[in-house]
Amino acid sequence: MLSQLVDSYLELRRSTGFGMKVHQYLLHGFASFAAQRGETHIRTCTAIEWATQAPSEGQRANRLGMLRVFARFARAEDAGHEVPSERVFRARRVRYRPFIFTADQLHELLVSASKLPPAGSIRPWTFTTLFSLLAVTGLRISEALNLRLHDMTEDGLVIRETKFQKSRLVPLDPTTMVGLKRYLDRRGTVQDDHVFVSLRRRGMRPSGVVTVFLRIVRAMGIHPGPGQPGPRVHDLRHGFAIRVLESCSGDRTVVDANMLALMTYMGHSQVDSTYWYLHATPHVLGQISDLSETLCKGDRS
């Protein structure tokens, strides 16, 4: 019974645009866990016991939080379902501090990618072009790897059904388009229509890209090593957003216009999702300092 209820819940959420892949896996896991105990309704004690199976406090809180939303849905139709308290697990949320590549570090990253073995293969061309595209467009790694040949148009890249189940057009600078076409000429004709292909001439997986990226940044000496926080592929997206902010003048209307354009360009449905990518850098702090000094001088005059 719970399994059928989970399916109804997933169908409803997906109809509003949510992917629900992780939810499907976890909620069906809970339904099986409860069924083994002969339970047909959500029980708080069972929910907590199931969530406790997760290895960390954060994952336990995430599991129970996900189940709480489902429980409220179930209880709307049947008061026999219980909604677990949100105070059982307390996961301290620490905001990740992204690594913002300098121009020199980006250059070194790309040079290292261009030297990847085997020499003379498509591999160094693939990773150099892929990392360059991520840095100048702020695409998610999944979006870049899902690009098909027909997604390249004269107006830019068509990004189809992404994180928020929406498609968007990402305009490209002419130099970026030239770089992509140069890569495709080198790539040649293959059966797979993905833009970026592996040595086997097939579409690539994010895990493979992450492995190569980590190998390079560790060799550069900017990553402390396995198990330690350091540069991620996703930080190229953060860097793109920050460079847009740095390009703004002190005019409030210019900043607002750029934020709206950036939100659309990055594929966000709400502007607060874009704010998450903006961080203080020496350049931004210098701009703030200069504007503050100008403001103070204006008050004295």
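A: Buried here means under 20% relative accessible area, with exposed over 50% and partly exposed in between (1.4 Å probe, protein chains only). This is a predicted model: local features need pLDDT of at least 70, side-chain atom pairs count only at pLDDT 80 or more, and totals for chains, interfaces and linings use all residues. Residues are numbered from 1 along each chain as its sequence is written, and side-chain values use heavy atoms, leaving out hydrogens and water.

H10 covers residues 235-246, 12 residues in all. From first C-alpha to last, H10 reaches 16 Å. That is close to the 16 Å expected at 1.5 Å a residue (1.5 Å times one less than the number of residues).

H10 is mostly covered, with 10 of its 12 residues buried. The buried run takes in Asp235, Leu236, Arg237, His238, Gly239, Phe240, Ala241 and Ile242. Val244 and Leu245 are buried too.

Now the loop residue. Asp192 sits between H8 and helix H9 (206-220). Beyond its neighbours within four places in sequence, Asp192 is in contact (heavy atoms within 4.5 Å) with Arg187, Arg201, Arg202 and Gly203. The Asp192 side chain also reaches the backbone nitrogen of Gly203, at 3.0 Å. Another partner is His194: the two side chains make a polar contact at 2.5 Å (N or O atoms within 3.5 Å, one able to donate a hydrogen and the other to accept it). Arg148 is 44 residues from Asp192 in sequence. In space, their C-alpha atoms are 8.9 Å apart.

How values were computed:
Helix = DSSP H or I, 4+ residues; strand = E, 2+ residues; numbered from the N terminus.
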